[in-house]
Amino acid sequence: MNKSGLFSNIKSDFPASIVVFLVALPLCLGVAMASGAPSLFSGLIAGMVGGIVVASLSGSQLSVSGPAAGLTAIVLSAITELGTYETFLLAVVIAGALQLILGLAKAGTVSNYIPSNVIKGMLAAIGIILILKQVPYAFGYDANIEGDMAFSQHDQHNTFSELYFMLNKIHYGATIIAAISIGILLLWERPFFKKFKLFPAPLAVVAVGTILNQIFIGTGSSLAIQASHLVNIPVSDSLGSFFNNFTSPDFSAFTNPQVYIVAITLAIVASIESLLSLEAVDKLDPERRYSSTNQELKAQGIGNMISGLIGGLPVTSVIVRSSANVNSGAKTKLSAIMHGVLLLLCAMFIPGLLNMIPLSALAAILIMTGYKLAKVKLFKEMYNNGWGQFIPFVVTIVAIVFTDLLIGIAIGIAISALSILNKNLRNAYFFKKEQFHVGEVIRVELSEEVSFLNKASLLLTLENIPHNSNVVIDASKSVYIDFDVIELIKEFKDVKAPDRNIQLNLVGFKDEYKDYNNVSFISSAPTKETQSQLTHQQVLQILKDGNERFVNNSRLNRNHSHLVHTTSHGQYPHAVILSCIDSRTSSEVIFDQSIGDIFSIRIAGNIVNDDILGSMEFACKVAGSKIIVVLGHTNCGAIKGACDCVDMGNLTALLSKVKPALDAEIVTINNRNSKNVDFVNNVTRLNVFTTKKKIRQMSPILDEMIANGEIALVGGLYNVETGKVIFYDQGLHNQKDTPIQILQEA
């Protein structure tokens with residue numbers, strides 16, 4: 001947990017600021033060169049402003065801003081088109097003002113619609129690009145401009161062809177320094193190097209690389225790295241000449257319409273890049289802090305206004321510097337602010353010293369940063385998330401690597417949207433055959449969103465429904481149903497279903513479509529006719545299908561007022577269910593049954609006595625129920641009480657009826673108490689068996705009906721953790737199960 005106060009985490013933030021400074025230094029210069037700015041110092045100005053101004057105003061604790069490679073093409077074209085750099089600076093100031101307005105208008109929320117898999121793909125792609133782009137620098141081949149992240153490069157090569165041309169231009173001195181630098185960075189991560197962590201590893205890399213090159217130069221070795229392969233900051237003769245590097249916009253171009261076109265372009269692109277980077281940095285943040293996107297737009301706007309006013313390039317939040325900041329252990333925005341201060345002080349007082357740093361040493365730092373962004377672990381995690389996440393992730397990576405950041409992100413978002421659309425097309429509805437008291441019912445459950453794109457597949461499904469079927473179209477879960485789909489359903493209801501003698505129920509339709517709801521068999525109680533036509537197997541399937549709906553949270557919407565009316569003159573339930581009094585085991589709920597469907601008998605431990613047996617005899621012999629279910633459940637308090645031989649008032653006599661199940665459990669030798677979960681579960685299942693056995697022994701009426709196949713006696717176990725009911729019996733009547741068999745079936 002971070003302490004409060006800007007300087008409370010300086011022990012972490014200052015070393016991180018040095019790393020970010022070392023990473024930012026060549027990138028600022030490279031972006032300035034790629035942008036065609038008249039002075040490389042303009043890139044340093046943007047870096048200073050991004051660090052000192054933007055970081056101070058930003059809501060992000062870890063984001064780092066500065067000149068961005070993604071804007072180089074726009075800047076290069078704009079400077080050429082506007083004629084002078086000073087006129088371009090005016091466009092930068094106006095772009096900043098536009099960003100400020102966007103922030104005040106809360107336009108930053110657009111970033112919330114960028115999928116997580118695309119953001120993670122962007123991070124991995126940046127990591128891969130960093131490695132590919134910096135490898136030539138590590139080998140001393142610097143033909144391309146530092147900071148160029150696009151696939152097609154300024155030197156007329158591309159990311160991969162550059163590696164080929166590098167092979168003929170390898171500089172062994174640069175290669176040695178890069179290899180040693182990577183070795184230092186790797187060793188620095190090892191536990192035994194902890195005592196050397198008083199200063200950051202990149203600082204050690206820069207120091208060792210610089211000293212080693214000075215040794216090469218001093219000894220006249222061919223390994224010496226020339227100035228073209230070193231950092232190249234403009235050196236001022238005096239403090240006055242240093243300030244001459246700053247310049248102001250040409251406000252006389254205020255009436256030039258082309259200035260506003262450039263400003264709008266810069267504002268849009270810079271805002272998008274900043275929001276993308278901010279979203280990515282928040283995902284990298286170990287503390288998972290949320291950064292205000294609107295505050296970021298305002299900070300970027302003010303930063304660009306100031307940068308334009310003093311001669312700097314446009315700034316954005318940049319992921320390379322930000323990720324280096326995170327990987328270096330920064331805790332707060334102080335790190336980004338101090339990196340801007342370091343850029344200012346070092347450019348002012350020690351540019352000559354900085355110009356001794358080999359680019360190959362800095363390349364090693366960036367290569368390791370890239371490796372941390374594109375670890376194999378990330379690819380495995382995304383793969384484990386399923387193809388719907390993995391494919392957009394990979395496509396985003398490939399697209400960014402082979403194009404540029406914005407185009408790649410756009411492609412990634414498009415693929416992610418197609419993936420969602422494809423999933424929606426496949427999951428627009430759920431089709432299943434279920435058993436009800438009226439017979440087999442085809443149930444079509446519509447998904448949360450059903451668009452016109454789902455019309456074709458739904459039409460095909462409805463066209464293939466057989467004649468004389470019972471069909472339910474359930475819209476209970478639907479939030480949005482396209483008008484085209486509603487028209488299709490209405491046509492099926494009014495024309496096609498009657499023509500094919502299809503009994504159709506529409507349930508769960510809401511709002512302006514609620515009048516379409518039409519319930520008949522789905523919301524009707526069993527009648528004497530439907531009850532008599534049901535077999536034991538069909539009744540058991542009704543219960544199984546109902547439990548599956550309960551588990552999947554897709555219980556049917558029923559018109560209970562209608563059921564009250566239709567059952568007022570008689571009842572014909574198809575099943576008797578003996579379950580525990582436990583509040584979690586309501587039979588009507590867990591089997592998705594309703595008024596008139598079942599006789600529900602509840603008593604602690606689902607045991608039987610004369611009263612319960614009399615109730616069962618009435619239900620089966622008089623009311624015509626086809627099946628008796630003895631339903632136990634996991635974590636049963638009555639069973640636990642019996643296992644612990646609880647003695648308490650009238651409960652003692654009730655629990656004694658569980659004793660036959662305790663005696664039948666001969667598997668467990670030790671720990672025969674309620675703390676032994678396996679023992680309790682065994683007794684629970686055997687209690688179902690002994691209750692079934694008592695029903696046949698104590699009720700000649702029910703025993704005869706079972707023997708004659710008039711009714712079936714079934715055992716089951718309800719899992720209070722999953723909601724699933726498991727039925728034990730292989731047959732439905734004349735069962736001769738033994739205690740060992742009942743445990744084996746479980």
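Trainee: Among contacts in the chain between residues at least 6 apart in sequence, what share joins residues at least 24 apart?

Mentor: The share is 77%, where contact means heavy atoms within 4.5 Å. Before we go on, keep in mind that this is a predicted model, where local features need pLDDT of at least 70 and side-chain atom pairs count only at pLDDT 80 or more, while totals for chains, interfaces and linings use all residues. Residues are numbered from 1 along each chain as its sequence is written, and side-chain values use heavy atoms, with hydrogens and water left out.

Trainee: What is the radius of gyration of the chain, and what would a compact globule of 746 residues have?

Mentor: The chain has 37 Å, whereas a compact globule of 746 residues would be near 27 Å. The radius is taken over C-alpha atoms, and the globule rule is 2.2 Å times the number of residues to the power 0.38. Along the principal axes, the C-alpha atoms fill a box of roughly 115 × 70 × 50 Å. Of the 746 residues, 53% count as buried; that word means under 20% relative accessible area, with exposed over 50% and partly exposed in between (1.4 Å probe, protein chains only).

Trainee: How many helices and strands does the chain have?

Mentor: You will find 31 helices and 13 strands.

Trainee: How do I read pairing, and in which sense do β4 and β6 pair?

Mentor: Strands of a sheet pair through backbone hydrogen bonds, either parallel or antiparallel. Here two strands pair if DSSP finds at least two bridges between them. Strand β4 (residues 439–446) and strand β6 (residues 470–474) are parallel over five bridges. Look for Ile442 opposite Val471 in β6, and for Val444 with its bridge partner Ile473. Then move on to strand β8 (residues 503–507), which pairs with β6 in the parallel sense over five bridges; there Val472 has Asn505 as its partner.

Trainee: Which residues lie on the two faces of β6, and are they buried or exposed?

Mentor: In a regular strand the side chains alternate between the two faces of the sheet. In β6, Asn470, Val472 and Asp474 are on one side and Val471 and Ile473 on the other, and all are buried. As for β4, seven of its eight residues are buried.

Trainee: In what order do the five strands of the open sheet run?

Mentor: The order is β10-β9-β11-β12-β13, with mixed pairing. At the edges sit β10 (598–602) and β13 (725–727), each pairing on one side only. From one strand to the next the twist averages 25°. Strand β12 (residues 712–718) pairs with β13 in the antiparallel sense over three bridges, and Gly716 stands opposite Phe727 in β13.

Trainee: Which helix lies across β9, β11 and β12?

Mentor: That is helix α29 (residues 677–698), running at about 160° to β12. Axes are lines fitted to C-alpha atoms, for helices over the stretch in contact, and angles run from 0 to 180 degrees between N-to-C directions.

Trainee: How many aromatic pairs are there?

Mentor: The count is 18. Rings of Phe, Tyr and Trp (its six-membered ring) pair if their centres lie within 6.5 Å; planes under 30 degrees apart are stacked, over 60 edge-to-face, and the rest tilted. Phe242 and Phe243 are edge-to-face because their planes are at 80°, with ring centres 5.3 Å apart. Phe242 is buried at 1% relative accessible area, while Phe243 is partly exposed at 45%. Ring pairs also link Phe379, Tyr383, Trp387, Phe390 and Phe393 into a cluster.

How values were computed: Helices (H or I, at least four residues) and strands (E, at least two) are DSSP runs, numbered from the N terminus.
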